[in-house]
Amino acid sequence: MRSPLTTVPFIFLALNICTDVSASRTSENHTTSSDSVIARVYTDDTDRIRSLGQNHDLLYYIWREEYAVIRTKRNRMPPDAIIDEQSTSALRSAQEPFRGTGTIPDRPCYRTVEQTYSDLESLANSNPSLAQWNDFGDSWEKTLGLGGYDLSVLVLTNAEVVGTKPVFMVIAASHARELTTSESVTRFGENLVADYGTDPNVTWMLDHFEIHIIPQHNPDGRKMAEAECSGGCFPGWRKNTNQNYCSPGSSNRGADLNRNSSSGFWGGPFSGGSQCGETYRGPSSASEPENTHLEAYIDSVFPDFRSVAPNDFVTPAENDANGVFISVHSAGDIAFYPWEGSNNVPPNLDGLRALAQKTGFASGFAACQNCFLGPASGTNVDYVYETRGIPSLTFETGSSFGETCQNFENIVLPETLAALSATLRHSYRSYQAPQGPDALEISFTSSPDGGTLTATADDTRRAVNGGGEPLQPSQAISKVRYSIDEPPWIAAQTFPMNASDGVFDEPVEEATAGLSNGQISGAARMIFVFAEDADGNQGPPTAIWLPGDGFDFKSSFETP
Ligand SMILES: [Zn+2]
């Protein structure tokens, strides 16, 4: 269930809303037929959903309950639309940014831009070997000397482990009003630092991966959205605040940062050429400083695994590419993979779909290309996949722009953290690993001459909903192996495990191995287990602590 409003039966909901409508007619808020409203349209017809997007501002689609949410004028509502009175009454139009620090008015679970920045800077200062807080550019307002903000990134990795590491990057709040996204990725970073040294999988991933978290891609716009939460919260500000578009004082000014990227699809579907429109793509690709700086940062951090001519949408990225890029949005509980700007099949379809479906398994998100809403062009995700060959996903999290704190803490945050963890663990060989089995339920029992390692290898974990696409088939497990102290691609040696039932021939298999004292003596702290399927896809490793250092040595990074 998504929110108190949606837990009630449909008929009760309709009655309740009728009551609210009649109440608003007699109230003194001067409601007129041309006022903006937030309304639901119940449908599972993708053509209908897409036509809503052509005639109204289509905000998102909640596939679990089969309704689209639109913003439109009261006198232009489709006949079957149902006004969401609570969200409608919370609509505000910001003229000035929110001036406070701390948390957002009416939503104490979401930190402001200033508070997010100061907390993450403190986190880096207190954990200098694990975290850095870096400035990679300026927002539009700061570029113009109108106030504004740095564009900042939290970089997490154990600096004492040297070498080239796969990069996991996540950006949030490209769309200002999508309030939960910044808080979710900020908590993700804070949790990783807190769990280092305790959770074996967080520990090895911070040792061997580099994690880049950009919590505020659009800080100028976000401050306007923050100002729109006061006595209710359903913020409308989406774009940056560039005063050259629409008109300088208009709350419809700015460009849509997730339609403005230097992807070859820039200027295509679900993006607008009208400056006052919600999906205004800007006069040229990466015209906005938020994207110019983001793209330069992406290019500086990710290796290029897809060296192709511009507008080549068919040559695959290298199959052994490392790294993942995630752009977090709301709402809808969906993981989209490229191409986002077109329904063309992406050349790395199997790997991209597998990563989305593994994410969907962990989080409950639907996993698909352009499902429900259709293509959207000029996105940050398409830029990263197209120009760097990195597997990239858009997450649409939660069920509202004004998500209550109760929903956020109990539903949206856990699902988003599960989705981020599920993608992070596939950062090495990130097209191949999600097609392979997971290593689960690992345990180690000590004995006088060493010990016994057991694990389950499972190749069946796929999204619960493919948005109309087939779920990827499972294969029989062919191998289960382990390494000691380092992940298998770094360890000098890996060792076989045996099928508990004598032969590896099914998609779910239990495996065992006997370890000698020689293998686990001295400084050894961790065991990694990983499995391969009959198609040769090797899944990501899962680690446990070895006994003797005071930790529970069951894996604690399991996804739900
Ligand atoms: Zn968005």
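**Loops, cis bonds and helix packing**

A: Trp339 lies in the loop between β12 and α11 (349–363). Helices (H or I, at least four residues) and strands (E, at least two) are DSSP runs, numbered from the N terminus.

Q: How are the residues numbered, and what kind of model is it?

A: Residues are numbered from 1 along each chain as its sequence is written. This is a predicted model, in which local features need pLDDT of at least 70, side-chain atom pairs count only at pLDDT 80 or more, and totals for chains, interfaces and linings use all residues.

Q: Back to Trp339. What kind of peptide bond joins it to Pro338?

A: A cis one, with omega about -5°.

Q: Which residues does the cis bond with omega of about 10° join?

A: Ser330 and Ala331. Ala331 sits in the loop between β11 (324–329) and β12 (334–336).

Q: Where is Glu66, and what is its phi near?

A: Glu66 is in the loop between β2 (57–62) and β3 (67–73). Its phi is near 60°, which is positive although the residue is not glycine.

Q: What about Cys246?

A: Cys246 also has a positive phi, near 75°, and is not glycine. Cys246 belongs to the loop between α9 (219–227) and α10 (289–301). With 19 other C-beta atoms within 10 Å, Cys246 is partly exposed.

Q: Now the whole chain. How many helices and strands are there?

A: The chain has 14 helices and 22 strands. Its radius of gyration is 24 Å, close to the 24 Å that the globule rule gives for 560 residues, so the chain is as compact as a globular protein of that length. The radius is taken over C-alpha atoms, and the rule is 2.2 Å times the number of residues to the power 0.38.

Q: How much of it counts as buried?

A: 54% of the 560 residues.

Q: At what angle do α5 and α7 pack?

A: Helix α5 (residues 113–126) packs against α7 at about 15°, with the axes 11 Å apart. That makes α5 roughly parallel to α7. Axes are lines fitted to C-alpha atoms, for helices over the stretch in contact, and angles run from 0 to 180 degrees between N-to-C directions. Under 35 degrees counts as roughly parallel, over 145 as roughly antiparallel, 65 to 115 as roughly perpendicular and the rest as oblique.

Q: Which residues meet there?

A: From α5, Thr116, Leu120 and Leu123; from α7, Ser182, Thr186, Gly189, Glu190 and Val193. Residues are in contact if their C-beta atoms, placed from the backbone, lie within 7 Å.

Q: And how do α7 and α13 cross?

A: The axes of α7 (residues 180–195) and α13 (residues 405–424) come within 10 Å and cross at roughly 60°. That makes α7 oblique to α13. On the α7 side the contact uses Thr180, Ser184, Arg187 and Phe188, and on the α13 side Phe408, Val412, Leu413, Thr416, Leu417 and Leu420.

Terms used. Two residues are in contact if their C-beta atoms, placed from the backbone, lie within 7 Å. A residue is buried if 20 or more other C-beta atoms lie within 10 Å of its own, exposed if 12 or fewer, and partly exposed in between; C-beta atoms are placed from the backbone.
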